[in-house]
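I opened my notebook to look at one helix and a few charged pairs. Here is what I looked up, entry by entry.

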Amino acid sequence: MAGPGTTAPEPTLDLLARPSGGFAMVAMDQRESLRQMYAAATGERVGDEVLTSFKLTVAREVGPYGSGFLIDRDFGFERVAAEGLVPGGLIVAVDSLRQDPDGPVEDTAIDERVDLAAARAAGAVAAKLLLIWRDDEERERRLETAAEFVRRCAAAGLLSVLEGVAKPAARQSAFDGSAAIREAARELAGLRPSLYKAQVPLGGAAPEEKLLAECALLDEVIPVPWVVLSQGVERDGFPAAVRAACRAGASGMLAGRAIWSDVVGAPDLAARLRARSMPRLRRLAAIVDEHARPWNAR
């Protein structure tokens, strides 16, 4: 603890990393998208209490095996923090999501309800902002939102995890997804967040050597440590995608769906998480330990 007249040391990514210097982190900040997953799995539109219960169970059963755990304030952050459910670095989501109840996230902003200083006092070591990136008239506004997020995290003594998700602009006739992912990364990671969270090029749906080449191009434009997310990648193909990204220079992954998506709606949730999700996370952690670039080697 810093004494009078001293300042606390700046946090480092060791707070989120495995001993290898790589990241095998669990994302549990899905909101309406998780409700959509429940509807698809059970045929019912569940209430908030079901979402919170699911997230807390994932935290208890899987969280201890991740080097970091990401969750939102609406569905469990305070409980996870207060009950000490995860020993790894706790990350609070600070994105306010704009999406229709049954649609994808279309835009985001900083959730002003999240008090970063209070989140840090509760045990968070980092905050995460999802930013939808489009090459349209709102591009500069989104970039300033991302820059403001990085500034606020630094002021609060928190690590900043910036996630860029590239989507086509309205009425865009042609969209090169891999090129857009690179451009989003060049622009957003250029703001120097502590950690950048990137989409897997080609949705991970390519031979590993092709993914390796695409990820190498992505690595060239990212000046900070980076990890991949699992949205849009087939669950069974995600380990190969993580391996390709890590071989190309990534430092690991921060993923949710690839770990727990097929247990949504299961009546024996805790048992299913232990039987399915824990082995997946351990396998991904082993890939990270073998292939990831340590965050401090960048």
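Before anything else, a working definition: I call a residue buried under 20% relative accessible area, exposed over 50%, and partly exposed in between. I also note that this is a predicted model.

Entry on R73 and D74. I found a salt bridge here, with the closest N and O atoms 3.1 Å apart. D74 has 37% relative accessibility, so I put it down as partly exposed. R73 comes out at 32%, so I wrote partly exposed for it too.

Entry on R280 and D262. Their side chains meet in a salt bridge at 2.7 Å, N to O. R280 sits in helix α10 and D262 in the loop between α9 and α10, so the pair ties together parts 18 residues apart in sequence. I got 23% relative accessible area for D262, which is partly exposed.

Entry on R60 and E83. This salt bridge has its closest N and O atoms 3.6 Å apart. It links distant parts of the chain, with R60 in helix α2 and E83 in helix α3, 23 residues apart.

I then searched the whole structure and got 41 salt bridges. Ones that share partners join D29, R31, D95, K128, E163 and K197 into one network.

Entry on helix α6. I counted 13 residues, 177-189, and a reach of 17 Å from first C-alpha to last, close to the expected 18 Å. At its start, a side-chain oxygen of D176 comes within 3.3 Å of the backbone nitrogen of S178. Which residues of α6 are buried? I listed S178, A180, I181, A184, A185, E187, L188 and A189. Their cover includes β6, α5, β7, β8 and α7.

Conventions. Residues are numbered from 1 along each chain as its sequence is written. This is a predicted model: local features need pLDDT of at least 70, side-chain atom pairs count only at pLDDT 80 or more; totals for chains, interfaces and linings use all residues. Side-chain values use heavy atoms; hydrogens and water are left out. Helices (H or I, at least four residues) and strands (E, at least two) are DSSP runs, numbered from the N terminus. The expected span of a helix is 1.5 Å times one less than its number of residues. Buried means under 20% relative accessible area, exposed over 50%, partly exposed in between (1.4 Å probe, protein chains only). Contact means heavy atoms within 4.5 Å. A polar contact is a pair of N or O atoms within 3.5 Å; within protein, one must be able to donate a hydrogen and the other to accept it, and residues adjacent in sequence count only if both atoms are side-chain atoms. A salt bridge is a side-chain nitrogen of Lys or Arg within 4 Å of a carboxyl oxygen of Asp or Glu.
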